[in-house]
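Subject: Structure handover and findings

Dear colleague,

Please find below the structure that I am passing on to you. My findings follow directly after it.

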Amino acid sequence: MKRLTTKKWLTCLAIVPLTFYMTASQATSLQVKLQPSDPHWQLLINNNLLSPTDIKIEANERSFAQQLKPLLQQGNYQALADLFTQRELGNDSPALQLLRGQVLLTLKQFAGAEQALKASLSSMPDLVKAHQGLSLLYMQQGNYQQAQPHLTRCIELGQADAQVYAQLAYIHVQAEQPWSAIAAYRQALMLEPQQAQYQQGLLFSLIAAGDLGQAQALLKELLNASPNNPELWLQRAQIALQQDNNKQALASIEVALKLAPSNASNQLLAAQLHLTQGSYSRSVELLSNALAGTQPAQIAEASEISMQTLNWLIAQKKWQLAKQLVSQLNPFINKLSKQSRAEFSVYTAQLAIEQGNFKQAQKSLHKALTIDPNLGDALLSLANIYQQQNQLTQARLMYVRAQALPEYQLSAWLGLAQIEIENKNYKEALSQLKKALNANPQRQDLLTNIRALEGLIQREG
């Protein structure tokens, strides 16, 4: 940028030519968040209805029950469902209504299963297996609020097995009630202490509740038992992140990555943490791998993180790595949001400016403004290029557009002031500087320039 030489006592205006990228101080505040996946569930259905411990069928239903028994033993649920279609639900005993509901639930015919299970409860409100069936049905549908009273009723009726407690715990997880989930998981583990699913559910809940001491103790046990479980290493990383221990988090994620090297989510997490630790080359390598092997469902996430990283690399002036990441992102440009496409064009312009290719930079900036005419970063960058090429009319137009955007007003006013000084139009330059000072009274450097300009105007009459 040209410096002011009109009068030696007039200081040069501090105009920032390109403000679209993250500054170094902003970059250090990046927060990486890791959320382990929810506990996985296998929802079990018990169809052992004809045992002596279950309610009795009616005498006139025994011949039908004999038809059902071999099919139950074979697990031929579709054949069972076909037999039930030949009967009226309302004419059956609660036992057969319950069995019908369980069969249809197994086949994921939820509407029919709900109707049959509710029918059995209308006659026998304390039928535990019907409450179990409805709780499972609602959980499979993701309707946890409706499932909860049936699980609670199972416990009240004495059916307090480990699975019921664990299912209740899972409902509390979904409702973001970690302390209630912890209590229920502990009850489940008292009955089945070696159940890995319940242990991991408890770990998840402890982390969510912020009880990191208990979580670490449990996690150590789980890792000793299953050192090759990548999910456990991710949860170790989660604890480390909550303790602001990014180095341990990164080490844990790297272990998870070795155990599941093609996992794009792990690659993206590791890339973000490497970035915060200054391992720029490794971050770009991981992002490149993630972009190359990403599934369609993860393209948006991979692209977003890559854009954030590109922002960071430009702020740190890591031009070669930024160029490498730009080439990796190019095939995915059309998958980005409109705003991200505009920002990508600004980033490519910055790379072109660094290489001295102002023609390409102008082309990229115009492309960005075609996508988003109010992209202040592009307006200021283009204004600065025009100004350096002494195309002041075009530069002035870009600054005028930028001053309409509150976030960019200061830079726009300073840019306009610089143009007017170079044109020796000191009164107009003074007007722009006063606007800037009124909006930013803490800028003493502006006051110095204003006084110098006022003195110059007086001297020149």
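The axes of helix α8 (residues 162-174) and helix α10 (residues 196-209) come within 11 Å of each other and cross at roughly 30 degrees. Axes here are lines fitted to C-alpha atoms, for helices over the stretch in contact, and angles run from 0 to 180 degrees between N-to-C directions. Helices (H or I, at least four residues) and strands (E, at least two) are DSSP runs, numbered from the N terminus. The helices α8 and α10 are therefore roughly parallel to each other; angles under 35 degrees count as roughly parallel, over 145 as roughly antiparallel, 65 to 115 as roughly perpendicular and the rest as oblique. The crossing of α8 and α10 is left-handed, a term used if the near helix is turned anticlockwise from the far one by less than a right angle, with right-handed used if clockwise. On the α8 side the contact (heavy atoms within 4.5 Å) is made by Ala-162, Gln-163, Ala-166 and Val-173, and on the α10 side by Tyr-198, Phe-204 and Ser-205.

Please note that this is a predicted model, in which local features need pLDDT of at least 70, side-chain atom pairs count only at pLDDT 80 or more, and totals for chains, interfaces and linings use all residues. Residues are numbered from 1 along each chain as its sequence is written, and side-chain values use heavy atoms, with hydrogens and water left out.

The crossing of α21 and α22 is left-handed. Residues making this contact include Leu-392, Ala-395, Arg-396 and Tyr-399 of α21, and Ala-412, Gly-415, Leu-416, Ile-419 and Glu-420 of α22.

Two of these residues also form a salt bridge: the side chains of Glu-420 and Arg-396 meet at 3.3 Å, N to O. A salt bridge is a side-chain nitrogen of Lys or Arg within 4 Å of a carboxyl oxygen of Asp or Glu. Glu-420 lies in helix α22 (residues 409-422) and Arg-396 in helix α21 (residues 392-402), so the pair ties together parts that are 24 residues apart in sequence. Glu-420 is buried, with a relative accessible area of 8%, whereas Arg-396 counts as partly exposed at 26% relative accessibility. Buried means under 20% relative accessible area, exposed over 50%, and partly exposed in between (1.4 Å probe, protein chains only).

The structure holds ten salt bridges. Another of them joins the side chains of Arg-282 and Glu-254 (3.2 Å, N to O). This pair links distant parts of the chain, with Arg-282 in helix α15 (residues 280-293) and Glu-254 in helix α13 (residues 246-259), 28 residues apart. Arg-282 is partly exposed, with a relative accessible area of 25%, while Glu-254 is buried at 16%.

The side chains of Glu-454 and Lys-434 likewise meet in a salt bridge, at 3.8 Å, N to O. Glu-454 lies in helix α24 (residues 444-459) and Lys-434 in helix α23 (residues 426-439), so this pair ties together parts that are 20 residues apart in sequence. Glu-454 is partly exposed, with a relative accessible area of 31%, and Lys-434 is partly exposed at 37%. Elsewhere, salt bridges that share partners join Arg-87, Asp-92 and Arg-100 into one network.

Lys-318 may also be of interest to you. Its place is in the loop between α16 (299-315) and α17 (319-329), and at 33% relative accessibility Lys-318 counts as partly exposed. Not counting residues up to four places away in sequence, Lys-318 touches Tyr-280 and Leu-313. The C-alpha atoms of Lys-318 and Ser-281 are separated by 9.5 Å, although these residues are 37 residues apart along the chain.

Turning to the chain as a whole, there are 24 helices and zero strands. Of its 461 residues, 50% count as buried. Among contacts between residues at least 6 apart in sequence, 55% join residues at least 24 apart.

In the model, the end C-alpha atoms of residues 162-195 lie 9 Å apart, and the span is 79% helix and 0% strand. For residues 342-375, the end C-alpha atoms lie 8 Å apart, and that span is 79% helix and 0% strand.

With kind regards
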